[in-house]
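Biologist: Walk me through this one, please. I'd like to hear what each label rests on.

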Amino acid sequence: MYRWLVMAGLLVPGLVYAPVRPEGVEASATLERREPAPLPKPRLMGFELDAQPGVRERLEASELDGGSPGRADQIFPEQYSTVDGVFTFRGGPTRTGGAFGLIPANPKKLEVVWSHATEHGEAPWFGGAGWTGQPVIVRWPAVIRHSMPRLGRYRADEGLVEVIQGSLDGHVYFLDLYSGAKTRQPLDTGNPIKGSVSLDPRAFPLLFVGQGIPGKASIGLRAYELIHDRQVFFLPGHDERAPRRWWGAFDSSGLLNRKTDTYVVGGENGLVYTIALHTDFDPIDLTLSVKPEISRYRYANARHDAERLGVESSLSVVQNLAFFADNSGLIQAVDLRTWDPLWVFDAGDDTDASVTVDWPALYTACEVDRHGVKGQAHLRKLDARTGSLLWTKSYACEGTLEPVKHQAGVFATNVVGRGDVADLVFFTLSRCPGGKQGAVVALDKETGKEVWRFELPLFSWSSPTLLTDVTGKSWLLQGGIGGVVRLLDARSGKQAAQAQLVGDIEASPAVFDDRIVLGTRADRIYGLRVRGDARMAAAGQR
């Protein structure tokens, strides 16, 4: 068992774990202590790319500040986690997921199974979930589940799949995926949470929560151990080394390299952080601690003042390469082993949607913000190796100035087609061509030409999520303003089902098999179920 836990990344080789019987667990649920056979030494890989000419000059300055220098093994594994679940915004480093498992064939209905009320919170944010607001979902391995006393009776529940949802009311909620029942007490972080929480992909009970709006506590990135639900680390957003030291939000959802115990995340203060965690987790003694060693990647550009250098998008990674966009519209590629910049592309406007990776291509889209209320949102395909533009598809969009300012364009992260729609990429448009209208468009990956369009009567910031049924057919899940969740045929764009929720949907969903979790601005977290072929009616039941 020990060797299996090590191979799964749940225990650290070389440590000795004494047998123990946690409270309330039968005597058979113990760990065997024996010396494991030596594990094979991993072969280092990674992409070797030359920096494009003039990249440092275009950035004006770029440097790695503090902490430990780069390391040659800073290469993300192809599989983000070996545990069932959705662990970060859009599922993993390429930001192309958000769904685990399969849905029934021939889906006919989106059924609202449960809803959970958050606190109302303070104006103007209140409760529920906002942009990007995706939960994480995890089926805890038994040894980890037993290590968390705060789960109470759920420690012994072999069928537990836990939902972890950050809220605009400043709390993190823990819910049973199937019933919506509270699995443990909420965490109070002290500030509204706009972005998406992230969970250790090793299934260690370690949760990262970025805060979006200053409230009653210092704003920044907080890490919690979920054994006793205690904060173990705080990264202040008001960083003296930051270009925007006056704004300390973290809407970005970070990534943890389970091979190197390193967390990477972007800050709205204009820094990108690498955090060597030095995690010490003992599921026998029920302890988890970190000793963070922080490095900061800083850059500048004479064309954009510091006000525009914040990173709201979530970093995308493939092996040793990281890609991110910022509020100025700069898209960068850096080598995680050295933090040397490799190329930079100017998208021309604020880019909050995350860049998606479909190697060797990237897909990205910008807002209409810097150049006024009216303009064009540019949907693009880039060469991930050089930053070269491969195609652009532009859409006219128009925001509003009165009674309040609302930008237009693309806020939702696109989703890359796979399987039977591997030739398509899907984008969601907001206030395009204007007013409150929106659309979902499927573009041909090779040419950028529009293949189909689904008009939305009200716009959307929620990211589309690609679902696969048991026959291999693809479906597209899309929420939006007005509270409607739609399921579209990903090949044709025709609607197959919809559900009406209470409150506007700004957040992005997470999906586990046939179950969907999605928050709204009406102080609610919803659990939905995809209903399809009668032969699959029992799928997902406990």
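Modeller: Let's start with burial: a residue is buried under 20% relative accessible area, exposed over 50% and partly exposed in between, using a 1.4 Å probe and protein chains only. One caveat first: this is a predicted model, where local features need pLDDT of at least 70 and side-chain atom pairs count only at pLDDT 80 or more, while totals for chains, interfaces and linings use all residues. Residues are numbered from 1 along each chain as its sequence is written, and side-chain values use heavy atoms, leaving out hydrogens and water.

Biologist: Okay, why is Asp261 called buried?

Modeller: Its relative accessible area is 14%, and the limit is 20%, so Asp261 counts as buried.

Biologist: And what makes the backbone of Asp261 worth a look?

Modeller: Its phi is positive, about 60 degrees, although Asp261 isn't a glycine. Most residues other than glycine have a negative phi. Asp261 sits in the loop between β13 (255-257) and β14 (262-266); strands here are DSSP runs of E with at least two residues, helices are runs of H or I with at least four, and both are numbered from the N terminus. Asp229 also has a positive phi, near 55 degrees, and sits in the loop between β11 (220-225) and β12 (230-236). At 12% relative accessibility, Asp229 is under the limit too, so it counts as buried.

Biologist: How many helices and strands does the chain have?

Modeller: Three helices and 39 strands. Of its 542 residues, 60% count as buried.

Biologist: Which peptide bonds are cis?

Modeller: Ala123 to Pro124 is one, with omega near 0 degrees, and Cys432 to Pro433 is another, with omega near 10 degrees. Most peptide bonds are trans. Pro124 belongs to the loop between β4 (109-117) and β5 (136-138), and Pro433 to the loop between β30 (424-430) and β31 (438-444).

Biologist: How do you know what Leu476 touches?

Modeller: Contact means heavy atoms within 4.5 Å. Not counting residues up to four places away in sequence, Leu476 has partners including Val415, Phe426, Trp452, Pro464 and Leu488. Leu476 and Pro464 are 12 residues apart along the chain, with 6.5 Å between their C-alpha atoms. Leu476 lies in strand β34 (residues 474-479), and its relative accessible area is 0%, so it's buried.

Biologist: What makes a set of residues a nonpolar core?

Modeller: Its members are buried Ala, Val, Leu, Ile, Met, Phe, Trp, Tyr and Cys residues joined through side-chain atoms within 4.5 Å. The largest has 65 residues, and those with the most contacts inside it are Trp140, Ile164, Leu199, Leu207, Leu226 and Ile275. Strand β10 (residues 206-210) gives the largest share of this core, four residues. Apart from it lies another core, of 20 residues, including Tyr363 and Phe427.

Biologist: Why is one space called a cavity and another a pocket?

Modeller: On a 1 Å grid over the protein atoms alone, a cavity is a set of points where a 1.4 Å probe fits but can't get out, while a pocket is an open set with protein on both sides within 12 Å along at least five of seven lines; lining residues have an atom within 4 Å of a point. Points are joined across faces, edges and corners, and the volume is the space filled by probe spheres set on them. The count comes to one cavity of 30 Å³ or more. The largest cavity holds about 40 Å³, and its lining includes Trp131, Glu312 and Asp352.

Biologist: How much space lies in the second largest pocket?

Modeller: About 840 Å³. Of its 28 lining residues, the closest to the centre are Trp125, Lys194, Glu312, Asp352 and Gln407.
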